[in-house]
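The sequence and structure follow.

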Amino acid sequence: MSYEYILTRVDGRVGIVQINRPKALNALNVDVMMELMSALEAFDVDEAVGCMVVTGNERAFAAGADIKAMAEATLVAMLNSPMIDQWDRLQKVTKPVIAAVSGFALGGGCELAMACDMIVASESAQFGQPEINIGVMPGAGGTQRMTRAVGKALAMEIVLNGRFLSASEALQYGLVNRVVPVELYLEEAIKLGQQIAERAPVAIRLAKEAVNATFETTLQSGLALERRLFYMLFATADQKEGMDAFINKRPPAWRGE
């Protein structure tokens, strides 16, 4: 499939989606987001792909939403827009998604990175929710995911006062997995994706579901879900293969079933 605003490729078992609006610092609009989600959903059902990476370029992952496209919007127009619905589509992707972030990840760009399962950042990465500076607030998860990641006090400063987090601060506060030199950030994200894609596919899918449930339920409900998913894996061929491979000291050959 051909796209106008994104580039896609596969490296080993990792599907890579690159936002490609360099002149606009990869600003997000509904067309960009719909293409991005369509590509991720296609990779999600591709058995040859075990993990995905979303990236931009060295200067900007995505420097926010396309303000020109929203400046004259009305309440009804925003209610009817499918823009923010695209983040809901991302939450339904079953395979792991890694954000490879360099440069600006602001507003909707920061929300997109946080909606992914992991973030690999370059040393130049900057994260922020500066919507308050244009008279609005985050609307695609910025108040919720940021608070869960860094805590209430810092999230308040980021959301209410437009504070940016440097890559090192993002690592310190638990927003990102690791920080690497700019020339290595995409390579490092793909490497992480390759490592994850080597694991048992069904176990990866259910483990991701269990971790995400942490933010949606109580501890007891989460533990009950974890236990059910754990037991379910004993009905898979991969569980038998993985344990037999461990006992016999050989590499496992996953079947994804």
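## Sheets, helix contact and pockets

Strand 4 and strand 6 (residues 104–106) run parallel and are joined by 2 bridges; helices (H or I, at least four residues) and strands (E, at least two) are DSSP runs numbered from the N terminus. In this pairing, Ala 60 stands opposite Phe 104 of strand 6. The model is a predicted one, in which local features need pLDDT of at least 70 and side-chain atom pairs count only at pLDDT 80 or more, while totals for chains, interfaces and linings use all residues. Residues are numbered from 1 along each chain as its sequence is written, and side-chain values use heavy atoms, with hydrogens and water left out.

The strand pair belongs to an open sheet of 4 strands with the order 4-6-8-9 and mixed pairing, where two strands pair if DSSP finds at least two bridges between them. Strand 4 (60–62) and strand 9 (164–166) are at the edges with a single partner strand each, so one side of each has no neighbour in the sheet. From one strand to the next, the twist averages 20 degrees; angles run from 0 to 180 degrees between N-to-C directions, and axes are lines fitted to C-alpha atoms, for helices over the stretch in contact.

Another open sheet has 6 strands in the order 1-2-3-5-7-10, again with mixed pairing. Its edge strands, strand 1 (6–11) and strand 10 (178–180), each pair on one side only. The twist in this sheet averages 20 degrees from one strand to the next. Val 101 is opposite Ala 121 of strand 7. Helix 1 (residues 30–44) packs on this sheet and touches strand 1, strand 2 (14–19) and strand 3 (51–55), with its direction at about 20 degrees to that of strand 1; contact means heavy atoms within 4.5 Å.

How do the axes of helix 10 and helix 11 cross? They come within 10 Å and cross at roughly 175 degrees, helix 11 spanning residues 219–232. Helix 10 is therefore roughly antiparallel to helix 11, a label for angles over 145 degrees. Leu 206, Glu 209, Ala 210 and Ala 213 of helix 10 make the contact with Leu 225, Leu 229 and Met 232 of helix 11. By class, this contact has 6 nonpolar, no polar and 1 charged residues; Ala, Val, Leu, Ile, Met, Phe, Trp, Tyr, Cys and Pro count as nonpolar, Asp, Glu, Lys and Arg as charged, and the others, Gly among them, as polar.

The pockets are summarised below. A pocket is an open set of points on a 1 Å grid over the protein atoms alone, where a 1.4 Å probe fits, with protein on both sides within 12 Å along at least five of seven lines; lining residues have an atom within 4 Å of a point. Grid points are joined across faces, edges and corners, and the volume is the space filled by probe spheres set on the points.

| Pocket | Volume | Lining classes |
|---|---|---|
| Largest pocket | about 880 Å³ | 16 nonpolar, 6 polar and 5 charged residues |
| Second largest pocket | about 600 Å³ | 17 nonpolar, 5 polar and 2 charged residues |

Of the 27 residues lining the largest pocket, Met 114, Cys 116, Asp 117, Asn 212 and Phe 215 lie nearest its centre. Helix 10 gives the largest share of this lining, 5 residues.

Note on methods
Parallel < 35°, antiparallel > 145°, perpendicular 65-115°, else oblique.
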